[in-house]
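Me: I am new to this structure and would like to learn how to read it. Could you take me through it, one feature at a time?

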Amino acid sequence: MINFSNIRAWKFKELFKNSHHSFKRSYVFKHVPSPLITHAYKSISKWKNYKLTPLLSLDKLSKNLRLNNIFYKDESKRFHLKSFKALGGAYAVDRIAEGKKNIVISSATAGNHGRSVAWGAKRLNLKCKIFVSQYVSQTRVREIEKFGAEVIRVKGNYENSLEECKRLSKKNNWQIVQDVSTKNYKYIPQLTMAGYSIMIKEISKQTNHYITHIFVQAGVGGLAAGVVAGVAKYFKRIPKIIVVEPERADCVLQSVKANKLKKIRIKKESIMGGMSCNEMSLVPWQILKKTSNYCVSVADSNVAKTIAMLKDRKLSKGSIIGGECATPGIIALIGLTNNLKAKKSLNLSENSNILVIGCEGNADVKLYKQLLSKGRK
Ligand SMILES: Cc1ncc(COP(=O)(O)O)c(C=O)c1O
């Protein structure tokens, strides 16, 4: 059984304050150009079935933690994909295609990005080839195939699937749409981040409160950098940016700590699969090394409980469907408010208006059901 006295014992794993923090809008726009951000909103807001995803209030939790507001951006309602990812890959496909009808889109994926790319290709009636490693589940493969893409399984890990994607794409003249940026591959990942930034544009219309803290989760950092790009563009006041990661995949925290890109070794995959990444994408690194105030890591142990609390109206008046990756911001916030030193350092008080990103709903239905029933025990 879950009640509020239980959450008093919740802890975060590690908290790191970024001593290189210096938020400059012009610096952010150097890495995600402002015109791309403007274009993303203009374009996506015209797509069929576009509507703002809800900005919910976790009012029961904010009352309990004595914070002014906790806003929850509910991306479970984002198009057909039940995840913010719908804004990234699909928008990049849109820009790359530029109305052409005879191109073939390709991508390598661990799951969610590939779904977005496949959906984006389907929107435009384009052929699509998605490469997955032997470790990607059949459920995820079926979700991609639902959008008409051909899924190609590659022996080995994600890197092997990316290599094969590059090889065949070069040979066949397919257009690769990846969300991870490297030294010579920045434009398409920038498009995905510009796509994500529209969450912040929507929030700027959905509340008059100044957000004081944003808790944003990270895998390779694209979501967090997209949120920062949106803040630079649309928010009058710059909130504290707190990047949250699974303790076993804390590549942003380790990179910020070392002040250089760090590749980490994942000993055991986190249940928050979309965030179980061992190395940051380059453009997000350039952005987050300057704009993140804090990095915090959390254990997997409270993920199922948080899913159940969201669903069973423990945190808010209404029921919320949040998948495993939607939980870490809430877990980190509870852990940090339980620790007086951390709470003070982050200036979390009755004046705070917190934003957490509910980045996905039950995107993996089977896993969601398992975690929900585990969390209710
Ligand atoms: C549902 C979900 N949340 C969060 C993330 C993390 O996003 P990023 O890798 O851009 O940091 C991912 C990445 O796949 C995801 O699928």
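Reply: Gladly. Let us begin with strands: helices (H or I, at least four residues) and strands (E, at least two) are DSSP runs, numbered from the N terminus. Two strands pair if DSSP finds at least two bridges between them. In this structure, Leu15 stands opposite Val296 in β10. The strand β1 (residues 14–17) is joined to β10 by 4 bridges, and the two run antiparallel.

Me: Before we go on, what kind of model is this, and how are residues numbered?

Reply: This is a predicted model, where local features need pLDDT of at least 70 and side-chain atom pairs count only at pLDDT 80 or more, while totals for chains, interfaces and linings use all residues. Residues are numbered from 1 along each chain as its sequence is written.

Me: Which strand pairs with β10 in the parallel sense?

Reply: That is β9 (residues 240–246), over 5 bridges. Within this pairing, Glu245 has Ser297 of β10 as its bridge partner.

Me: Is β10 mostly covered or mostly open?

Reply: Here we need a rule for burial: a residue is buried if 20 or more other C-beta atoms lie within 10 Å of its own, exposed if 12 or fewer, and partly exposed in between, with C-beta atoms placed from the backbone. Strand β10 (residues 294–298) is mostly covered, with 5 of its 5 residues buried. Tyr294, Val296 and Val298 lie on one side, Cys295 and Ser297 on the other, and both faces are covered. Over the whole chain, buried residues make up 53% of the 377 residues.

Me: How does a helix compare? What is the case for α5?

Reply: A general idea first: an α-helix has 3.6 residues a turn, so residues three or four places apart point the same way. Helix α5 (residues 89–97) has 7 of its 9 residues buried, among them Tyr91, Val93 and Asp94. The cover over these buried residues includes α3, β4 (104–109), α6 and α9; contact here means that the C-beta atoms of two residues, placed from the backbone, lie within 7 Å. Just after α5, Glu98 takes a positive phi of about 45 degrees.

Me: In what order do the strands of the open sheet with parallel pairing stand?

Reply: The order of its 4 strands is β6-β5-β4-β7. β6 (150–154) and β7 (175–176) stand at the edges with a single partner strand each, so one side of each is left without a neighbour in the sheet. Strand β5 (residues 127–133) is joined to β6 by 5 bridges, and Val132 stands opposite Arg153 in β6.

Me: Which domains does the chain have?

Reply: Domain bounds come from an automatic or database domain assignment. That assignment gives domain 1 (4–84 + 191–376) and domain 2 (89–178). Their centres, taken over C-alpha atoms, are 26 Å apart. At the meeting place, 13 residues of domain 1 are in contact with 10 residues of domain 2. On the domain 1 side, α3 (34–44) and α9 (187–196) each supply at least two residues.

Me: And which residues come nearest to the ligand?

Reply: A residue counts as near a molecule or strand if its C-beta atom, placed from the backbone, lies within 6 Å of it. Of the 18 residues around the ligand, Asn112, Gly219, Gly222, Gly274 and Cys325 come nearest. Helix α11 gives the most to this shell, with 3 residues.
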